[in-house]
Amino acid sequence: MKEAIVHSGPKVTIVDSPIPTPNADQVLIKVVYSGTNPKDWKVPEWVPDNPHNSGDDIAGFVEAVGDNVTEFKKGDRVAAFHQTMAPHGSFAEFAIAWSHSTFHLPMNTSFESGATIPLAAMAAALGLYHKLGLPQPWQPATKPIPLIIYGASSALGAFAIKMAQASDIHPIIAVAGKGRDFVEGLISRDRGDTIVDYRNEDDNVISAIQRALKNAGVKEVKHAFDGVSEHGSYQNLSRVLAPQGSKILVVLPGDYKEIPMHIEWNVMMVGSVHGALSYGPETPSDKEVQAYKDFGFVYFRWFSQRLLEGSFTGHPYEIIPGGLQGIEQGLKNLKEGKASAVKYIYKIEDTQ
């Protein structure tokens, strides 16, 4: 099979690889569309001596299943979150995913849309519900819970808004830039939600957030979902969060020394649903690993059910031409900040 290997740069090479075999708890998927994420170019730069197939968003048909897999069979339409940094990612004609991070794609959801969902939607769920401890969709909020979402037009930010809406969390202060028109269609103005433009000076961003809270009739905000975690985002958030009981969710590794001691901050690691619970040498307990695995299992099936009902959707996408040969250009676009309110995806059969 053809497989794309991502190097720092980003630079992509196409190689011939054997079709992988799933283990007892895995699924082999014939990839129809693959998505890309910012980490697909960032990780090869952080770890330049380990070029690899960094794709994690899979949409396609089940080709084979392991002996312990009972939920899927050959020919099923699925999307899946591949285990980050593991072999056999989505930048290939065939990919491997664990069965618990694979979910059925209903017929009303295209493979294109399905390829936008796995990593970003799971990251949003982990950030909102596991790290920030906000009410989950099946036990929605019963009183106003102000929430700031920084980077609201990205796939991560948009999925966070969609899930916050499902949990009846309002008012949402969505911080966005040129993608604000897209974000407008996600928020509920009648519930106090609003948009703040991050392209203004930091002091103006902070003032706008404070005005938005006042206009929504709330005195303070204690929860922030920072889908950017650089370029001043968490510093701005630190200046508007309440002095007691506040939390920030960040998405990049770092020491975050500029976040005041009175604010609790946590790094969201989407790979935790596959057992990667920290960036350090710590070894998680079996209980911790199982808890994250169960979280992923539940929410991937929630995505599938909500897609079927039509109350949840994928992210807007742009198909980069050339199949696997197009991945390098897509990653360069991501690195240069060209993507706004769009996810880059690739039709694998278009590979030459």
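This is a predicted model: local features need pLDDT of at least 70, side-chain atom pairs count only at pLDDT 80 or more; totals for chains, interfaces and linings use all residues.
Trainee: How many salt bridges does the model have?
Mentor: The rule asks for a side-chain nitrogen of Lys or Arg within 4 Å of a carboxyl oxygen of Asp or Glu. By this rule the count is 19.

Trainee: Which residue meets Lys 39 at 2.5 Å, N to O?
Mentor: Lys 39 sits in helix H1, residues 39–46. Its partner lies 17 residues away, in the loop between H1 and strand E4 (57–65). The side chain that meets Lys 39 in this salt bridge belongs to Asp 56.

Trainee: Is Asp 56 buried or exposed?
Mentor: Buried means under 20% relative accessible area. Asp 56 has 0% relative accessibility, so Asp 56 counts as buried.

Trainee: And Lys 39, buried or exposed?
Mentor: The cut-off for buried is again under 20%. Lys 39 stands at 18% relative accessibility, so Lys 39 is buried.

Trainee: Which residue is linked with Lys 39 and Asp 56 in a network of salt bridges?
Mentor: Lys 39 and Asp 56 already form a salt bridge with each other. The network of salt bridges that links them also includes Asp 40.

Trainee: Asp 76 forms a salt bridge with Lys 73. Is Lys 73 buried or exposed?
Mentor: The closest N and O atoms of this pair are 3.0 Å apart. Asp 76 is buried, at 10% relative accessibility. Exposed means over 50%. Lys 73 has a relative accessible area of 53%, so Lys 73 is exposed.

Trainee: What is the N to O distance between Lys 338 and Glu 336?
Mentor: The two side chains meet in a salt bridge. Their N to O distance is 3.1 Å.

Technical notes. Residues are numbered from 1 along each chain as its sequence is written. Side-chain values use heavy atoms; hydrogens and water are left out. Helices (H or I, at least four residues) and strands (E, at least two) are DSSP runs, numbered from the N terminus. Buried means under 20% relative accessible area, exposed over 50%, partly exposed in between (1.4 Å probe, protein chains only).
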